[in-house]
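Please read it alongside the sequence and the coordinates.

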Amino acid sequence: MFFRIVTGMTRPQKRAAFISLDALVILFAFGMSVLLTAHGRIGMAEAAPVALVLVTSGAILGWVLGLTRMKLDAFEMRGPGRTAAYAAVLGLLGYAIAPSALPALPVGAHVHFTLLVLVLSVGWRIALRYAIRQVYLHGADSVRVLIYGAGATGQQLVAALRHHDAIRPVAFIDDNPTLQSQVIAGLRVHAASSIPKLVAEQRISRVVLAMPSMSQPAMARIRLQLRNIGCEAHALPSFAALVGEGALRAEAEPVCIQKLLGRNRLEKELPGVIDAYAGRRILISGAGGSIGAELCRQLAACGPECVVLVDHSELALYTIHKELSDLAPEVTVVPLLQSVLNERAMLRAMLTHRVDVVLHAAAYKHLPLVEDNVIAGLENNVLGTKALAEAARQAGVDRFILVSSDKAVRPTNVMGASKRLAELVVQDLASRRSGTRFAMVRFGNVLGSSGSVIPLFEEQIGRGGPVTLTDPNVTRYFMTISEAARLVLLTGSFARGGDVFVLDMGAPVPIRKIAEQMIEGAGYTIRTDDTPDGDIEIRVTGLRRGEKLHEELLISSDMLTTPHPKILRAQEMCLSEFEVANALRDLRQAIDALDEDAARAVIAKWVESSDTGRVAKQSV
């Protein structure tokens, strides 16, 4: 109620209230001075004319000096001096008119009157300011903030925020023990350990870091801790830096993508694919993932007749469906919340929507997660591919493209082995007489995709480090999401059956070099033994289970050309139809029994690895 009353008052109403309070102060002060000094010789009726003159003069004088127009938040800085002048003038005025109007009034009464006016005028303003601050602090619409840093910047921030009705500073936080428990600029200073308690008790919703001299990584770590508590955290530069009087940190420049790739981007070198997909009906599995979503965006520009989006993540499917519907409203977009393991659902979707092309991008690809969830990884990546490919063959789909990975080449981990088994399944189907052309596209790490090293490094740099590196010598092939999607679409137009396409990705890139470039690109320095004052450390954690030091793109050295010089066709060995059938039978039995050891035995038997060097027996 008080909050609505205070915020609902207009400026003229507030000025009228101030004039009325000053008038009451003058009446009270004059009455008390008469009672204390005249000892009953002067009645209130006799003193009334002088009091009326003083009240009228006080209203005029208060307006001239700006006291009745001054905001309470500004009173501490400019008000006391003006109030002293206000009280002195009123005291002199009373002294001047009293001899004729009240000859019995002693001179001491005017001294009392002046002092009372001064004390009471200052007092009611300070008290009202405190009361109104409490009303705003408990108001529903105010943002309550803690100021982290009780130095000059923090104090200046508090002074500025006190002029803002919607933001209320509640307290200071400072790591300096000598400041803790003190009151600075009207706010108590607390230790950082008190933040959770203050957030809970004072309903704090935001913390402002007013420590411009603190290093960026240290500030990032504080911000991370505050986010874990549930508070927004914002950093404030020094006011001197804002106007150019201090040293400003050089703005971080984005890292050049060519430097991360180790080569020039190929989007402009890759031919267009509009003719191959215009008017076609296309199904994309894993449509909500990084590659699947980019495939959808690029296909939207090709003018397909219909796009069927398949994903088992409701949020991912909703997001890409909404984006694609906005991007290409003329294209029929069908969202299908389903798993590729459901062969009957996939077949029905392909027959219902008369699908011409299937782009299979659905897979579990996070190496450590698949290593810890062997059964789920193999079931989704291998049996899911088998189900979708069989449905495509039965539906008479024209082309089926499997998105594979360089980790499928002589794999040392379950994820890579699952992708190689998926390739063998597709190669087996391609070797049979069918109207469907099956092909695979194999590429390295995709910059910016979910779970890739770039978002991980960005997150680690954002929280002040350290940046973790599995091995100082580890290297990877990299490509952009747009390159990966364009390559998938191009292979669909090149496919003849059983092909494994790879992109000429240049030389592999050292991951440490990427980490260094991203740290420096973000405006930080690298902390090493030689530079202990650096901002962010690169910490080596060791290769994860099943992880290679260097990845490969080819199993054999035999390469064939394609219509584009940057895209090559690998000529690799594959299993016979009988061997694929046995491998899938053994794998299904292991999955049904939830037997990880048996599943790994299937991998060891049928997939060529870096350890065994076993090769498949039949040429494509």
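## The six-stranded sheet

An open sheet of six strands runs in the order E3-E4-E2-E1-E5-E6, with mixed pairing; strands here are DSSP runs of at least two residues (E) and helices are runs of at least four (H or I), numbered from the N terminus, and two strands pair if DSSP finds at least two bridges between them. Strand E3 (183-184) and strand E6 (232-235) stand at the edges with a single partner strand each, so one side of each is left without a neighbour in the sheet. The model is predicted, so local features need pLDDT of at least 70 and side-chain atom pairs count only at pLDDT 80 or more, while totals for chains, interfaces and linings use all residues. Residues are numbered from 1 along each chain as its sequence is written, and side-chain values use heavy atoms, with hydrogens and water left out.

Strand E5 (residues 206-209) pairs with E6 in the parallel sense over four bridges, and within this pairing Leu209 has Ala235 in E6 as its bridge partner. Helix H7 (residues 195-202) packs on the sheet, where it touches E1, E2 and E4, and its direction makes about 165° with that of E1; contact means heavy atoms within 4.5 Å, and angles run from 0 to 180 degrees between N-to-C directions, with axes being lines fitted to C-alpha atoms, for helices over the stretch in contact. Helix H6 (residues 152-161) lies across strand E1 (143-148), strand E2 (167-173), E3, strand E4 (187-190) and E5, and runs at about 160° to E2.

Ser181 lies in the loop between E2 and E3, and at 55% relative accessibility Ser181 counts as exposed; by the cut-offs used, with a 1.4 Å probe and protein chains only, buried means under 20% relative accessible area, exposed means over 50%, and partly exposed is in between. Leaving aside neighbours within four places in sequence, Ser181 is in contact with Arg188 and Val189. Ser181 and Ala191 are 10 residues apart in sequence, and their C-alpha atoms are 8.3 Å apart in space.

## Helix H14 and its surroundings

The axes of helix H14 (residues 343-352) and helix H16 (residues 374-395) come within 9 Å and cross at roughly 35°. On the H14 side, Glu343, Met346, Leu347, Met350 and Leu351 meet residues of H16 that include Ala387, Leu388, Glu390 and Ala391. By class, this contact has nine nonpolar, one polar and two charged residues, where Ala, Val, Leu, Ile, Met, Phe, Trp, Tyr, Cys and Pro count as nonpolar, Asp, Glu, Lys and Arg as charged, and the others, Gly among them, as polar.

Within H14, the residues Ala345, Met346, Leu347, Ala349 and Met350 are buried, and what covers the buried residues of this helix includes E7, strand E8 (306-311), strand E9 (332-337), E10 and H16. H14 is followed by Arg354, whose phi is positive, near 50°.

## Salt bridges across the chain

The structure holds 20 salt bridges, a salt bridge being a side-chain nitrogen of Lys or Arg within 4 Å of a carboxyl oxygen of Asp or Glu. One of them joins the side chains of Arg125 and Asp22 (3.0 Å, N to O), and this pair links distant parts of the chain, with Arg125 in helix H5 (residues 107-137) and Asp22 in helix H2 (residues 11-38), 103 residues apart. Both Arg125 and Asp22 are buried.

Another joins Glu323 and Arg297 (2.5 Å, N to O), where Glu323 belongs to helix H13 (residues 314-327) and Arg297 to helix H12 (residues 290-300), 26 residues apart. Glu323 counts as partly exposed at 30% relative accessibility, and Arg297 likewise counts as partly exposed, at 32%.

The side chains of Arg280 and Asp356 meet in a salt bridge (3.5 Å, N to O). Arg280 lies in the loop between helix H11 (274-277) and strand E7 (281-285), and Asp356 in the loop between H14 and strand E10 (357-360), so the pair ties together parts that are 76 residues apart in sequence. Asp356 is partly exposed, with a relative accessible area of 22%, and a network of salt bridges links Arg280, Asp356, Asp398, Arg399 and Arg437.

Arg281 has its place in strand E7 and is buried, with a relative accessible area of 12%. Not counting residues up to four places away in sequence, Arg281 touches Glu305, Cys306, His353, Arg354, Val355, Asp356 and Val357.
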